[in-house]
Amino acid sequence: MENKRKYVIPGDVITTGPYRPEQNVILDGNKIISTAIGISEIYDDSIKVIPLTGKYIPKIDDLVIGKVVSHTSLSWELDINSCYVGFLPAQDVFGRDFSAHADELSSKLKSGDLVAARIANFDRTRDPLVTIADRDLGKIDSGHLVKISPSKVPRLIGKRGTMIQTIEMATGAAITIGQNGWVVVSCETPEGLLKAKKAIQMVDEKAHVANLTDQVKEMLESKGES
Amino acid sequence: MGGRDTTLVLLDENGIRCDGRKVDEPRRIMIKAGGLKNADGSAYIEFGDNKIIVGVFGPRDVHPKHMSNTDTGILRVRYHMEPFSVTERKNPAPSRREIEISKVIKEALEPAVMLDKFPRTAVDVFIEVLQADGGTRCAALSAASVALADAGIPMRDMVAACAAGKAADTIILDVNNEEDQAGQADMPIGYMPSLEKITLLQLDGVLTPAEYKKCVETGIHGCKIVYELQKKALTEKYFGNGEK
């Protein structure tokens, strides 16, 4: 059983044989071809490529950080760093008894505000519907926004959240990661904030490097001494 | 462009061409992925004396809105030559030739990109020719394909392109400006190396069926050389030199 990770570019034949194609691969005859630049992984009978570049494509249930761009009398539009705009209906914030005359949308969210939101629904025909009616969701009042490439979000989280835990523990910062590549860092101490931001940027730059968690750990600790 | 040099020897008795190459030797090619910060993906190519930079945006909102397609994303390509790219100043307004090349490059890339994943969006490819020396459409197509991959647009395969042609009654690889002007035929070919499919094939000139066949084969051979360099450019950018 080969379980080798390989660096691939579009058009590369990853392997041949009876495998199930998953993310970013296509089946051509019996050849399995990558459609993205990334790292190929073979699990049991399925093959996927973890992309290293590309825009964020909304997926249902993803947590994203959005920025309010504008609003109509019935809904807000969020920039979610994707090719589509997030659609946040007013009922979601005001509740069922929302009335377009009585309630003023800008009293709750103004353009420029950052929100943590969840993709409630998304299909090919309409813009993604987002919701902020849940725990941990809603307007973000404080913190720093760090933008990374959306394809590197899984790397920032790490296997079972190891990477992000490492950073949070070493700096004491609270980090909210949006699947769309926007990350909000808030921290009591300015040093911790700077360090956490630096660590996040380091992950973004060196996403393809093996045992990155150790390198990040090393960086966080070395800075602590100096 | 200038007048034709009548004393030019396209192929000497030793089989050496006017710029010192052998018949089946391409020009020096250098491809670099990335380089532009504000574009989603970019590439730079030097193909002999051709210098071309490509920027890719998208997938993104379509403006004007009526151009969007609810079933699939659309690909838009602009090929543009700088006024200083040729010896005599070129009017920067899009010429008939540039409109044609924009169209053929778009159609050569379309089989490779999988835009059905992004309905109602557009991918824009901007090609700027900084210096031209024959064979810009092939060089531009090769660079555009690298830039699309750099932008993370899902692609079935890379598209590599190279021209073949006929000069002094011999089939040659990678036609340069002199050979294009004074030669007998020029055939740009776009090719998907893994899928083994041709996406662009044009022919300017007259060839016998046998020559035609040989010309296509020669061109595909050139495409494979270009493909290796495209691969190298992307590998260098994304994986450093740490080959796994």
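Start with helix α4 of chain B, where B:Cys215, B:Thr218, B:Gly219, B:Gly222, B:Cys223, B:Val226, B:Tyr227, B:Gln230, B:Lys231, B:Ala233, B:Leu234 and B:Tyr238 are buried. Buried here means that 20 or more other C-beta atoms lie within 10 Å of the residue's own; exposed means 12 or fewer, partly exposed is in between, and C-beta atoms are placed from the backbone. Keep in mind that this is a predicted model, in which local features need pLDDT of at least 70 and side-chain atom pairs count only at pLDDT 80 or more, while totals for chains, interfaces and linings use all residues. Residues are numbered from 1 along each chain as its sequence is written, and chains are lettered from A and ligands numbered from 1 in the order in which they are written.

**Chain B: a helix and what it packs on**

Helix α4 of chain B covers residues 209–239, which is 31 residues, and it reaches 44 Å from its first C-alpha to its last, close to the expected 45 Å. That expected span is 1.5 Å times one less than the number of residues. Helices (H or I, at least four residues) and strands (E, at least two) are DSSP runs numbered from the N terminus. The buried residues of α4(B) pack against β1 (29–33), α2 (136–151), β6 (160–167), β7 (170–173) and β8 (185–192) of chain B. Just after the helix, B:Gly240 takes a positive phi of about 60°.

Is B:Ile172 buried or exposed? B:Ile172 counts as buried because it has 26 C-beta neighbours inside 10 Å. Leaving aside neighbours within four places in sequence, B:Ile172 is in contact with B:Arg17, B:Val23, B:Ala164, B:Gly165, B:Lys166, B:Ala167 and B:Glu179. Contact means that the two C-beta atoms, placed from the backbone, lie within 7 Å. B:Glu110 sits 62 residues from B:Ile172 along the chain, and their C-alpha atoms are separated by 28 Å.

**The core**

The largest nonpolar core has 125 residues, of which B:Val54, B:Ala140, B:Ala143, B:Ala144, B:Ala147, B:Leu148 and B:Ala161 touch the most other members. Such a core is a set of buried Ala, Val, Leu, Ile, Met, Phe, Trp, Tyr and Cys residues joined through C-beta atoms within 7 Å. α2(B) gives the most to this core, with 11 residues. As for B:Ala147, it touches B:Gly41, B:Ser42, B:Ala43, B:Val54, B:Gly55, B:Val56 and B:Val125, not counting residues up to four places away in sequence.

**Sheets and strand pairs**

Chain B has an open sheet of 5 strands in the order β1-β2-β3-β5-β4, with mixed pairing. β1 and β4 (74–81) of chain B stand at the edges with a single partner strand each, so one side of each is left without a neighbour in the sheet. Neighbouring strands of this sheet are turned by 15° against each other on average, direction ignored.

Chain A has an open sheet of 3 strands, ordered β14-β16-β15, with antiparallel pairing. Its edge strands are β14 (144–147) and β15 (174–177) of chain A, each pairing on one side only. The twist averages 25° from one strand to the next. Helix α4 (residues 190–205) of chain A lies across β14, β15 and β16 of chain A, running at about 15° to β14(A). Axes are lines fitted to C-alpha atoms, for helices over the stretch in contact, and angles run from 0 to 180 degrees between N-to-C directions.

Here are some strand pairs; two strands pair if DSSP finds at least two bridges between them.

| Strands | Sense | Bridges |
|---|---|---|
| β2(A) and β5(A) | antiparallel | 3 bridges |
| β4(A) and β5(A) | antiparallel | 4 bridges |
| β15(A) and β16(A) | antiparallel | 4 bridges |
| β4(B) and β5(B) | parallel | 8 bridges |

For landmarks, A:Thr15 stands opposite A:Ile32 in β5(A), and A:Val25 stands opposite A:Ser34 in β5(A). A:Ile177 has A:Val183 in β16(A) as its bridge partner, while B:Ile74 is partnered by B:Ala122 in β5(B). β4(A) and β5(A) form a hairpin with 2 residues between them, and A:Gly29 in the turn has a positive phi of about 65°.

**Where the chains meet**

24 residues of chain A are in contact with 27 residues of chain B. β1 (6–8) and β4 (25–28) of chain A each supply at least two residues of the side of chain A that touches chain B.
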